[in-house]
Each structure stands twice: as structure tokens, then as C-alpha cells.
Amino acid sequence: MSVIYLLISISILVAIVFFIAFIRAVKSGQYDDDYTPSVRILFDDELIKENPKSVQITKEKQI
């Protein structure tokens, strides 16, 4: 039974160490993305599909 307490305490200690490492990485800017905003303009926007009936009605109104 004492082994379970030992394993739980070790796992909590390891989890705390990983959490501290994660917080430190976030604060130091490890996960900041500087590349994507500079190339975002190069990506094509998704085209909006129009309903053919609505296009035909708008063309008739213009004529």
C-alpha cells in the first residue's frame, strides 16, 4: 500500500515539473508565431459559392 503513495507523490512531482516548464516556455515566447502573419497575405481566400438563382435574379434587376 505504501508503494501506491510513493507512485502518486512521484507522479504529482513530475506533473508539477512539466507544468512549470510549460509556463516558463510560454512566458519566454517559445510558442509565439512570427512567421504565419507575414505569409498570410499569400494564401488564397476561400471562394463563397453563390446560388445560381439569386445571381440570375440580380442580373435581371440590373437590366
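Helices (H or I, at least four residues) and strands (E, at least two) are DSSP runs, numbered from the N terminus. This is a predicted model, in which local features need pLDDT of at least 70 and side-chain atom pairs count only at pLDDT 80 or more, while totals for chains, interfaces and linings use all residues. Residues are numbered from 1 along each chain as its sequence is written, and side-chain values use heavy atoms, with hydrogens and water left out.

Begin with the whole chain. Its secondary structure comprises three helices and zero strands, in the order α-α-α from the N terminus. Colour next by pLDDT, the predictor's confidence in each residue, from 0 to 100. The chain averages 80, and 70% of the residues score at least 70. Among the elements, helix 1 has the highest mean pLDDT (97) and helix 3 (residues 52-62) the lowest (57).

Then display the surface. Accessible areas come from the Shrake-Rupley method with a 1.4 Å probe; for residues, only the protein chains shown count as cover. The chain exposes about 6,800 Å², of which carbon and sulfur atoms supply 64%. Of the 63 residues, 3% count as buried (buried means under 20% relative accessible area, exposed over 50%, partly exposed in between; 1.4 Å probe, protein chains only).

Select residues 2-27, which form helix 1. Its 26 residues reach 38 Å from the first C-alpha to the last, close to the 38 Å expected at 1.5 Å a residue (the expected span is 1.5 Å times one less than the number of residues). Ile16 is placed in helix 1; at 45% relative accessibility, Ile16 counts as partly exposed. After helix 1 comes Gly29, with a positive phi near 90 degrees.

Select Met1, Ile4, Tyr5, Ile8, Ile12, Ile16 and Ile20 together: they make a nonpolar surface patch of about 760 Å². Patches are made of residues with over 30% relative accessible area and no salt bridge, with like charges joined within 9 Å and nonpolar side chains (Val, Leu, Ile, Met, Phe, Trp, Tyr) within 5 Å. A salt bridge is a side-chain nitrogen of Lys or Arg within 4 Å of a carboxyl oxygen of Asp or Glu.

Finish with the aromatic rings. A search of the whole structure finds one aromatic pair. The ring centres of Phe22 and Tyr31 lie 6.0 Å apart with planes at 45 degrees, so the pair is tilted (rings of Phe, Tyr and Trp, its six-membered ring, pair if their centres lie within 6.5 Å; planes under 30 degrees apart count as stacked, over 60 as edge-to-face and the rest as tilted). Phe22 counts as partly exposed at 43% relative accessibility, whereas Tyr31 counts as exposed at 57%.
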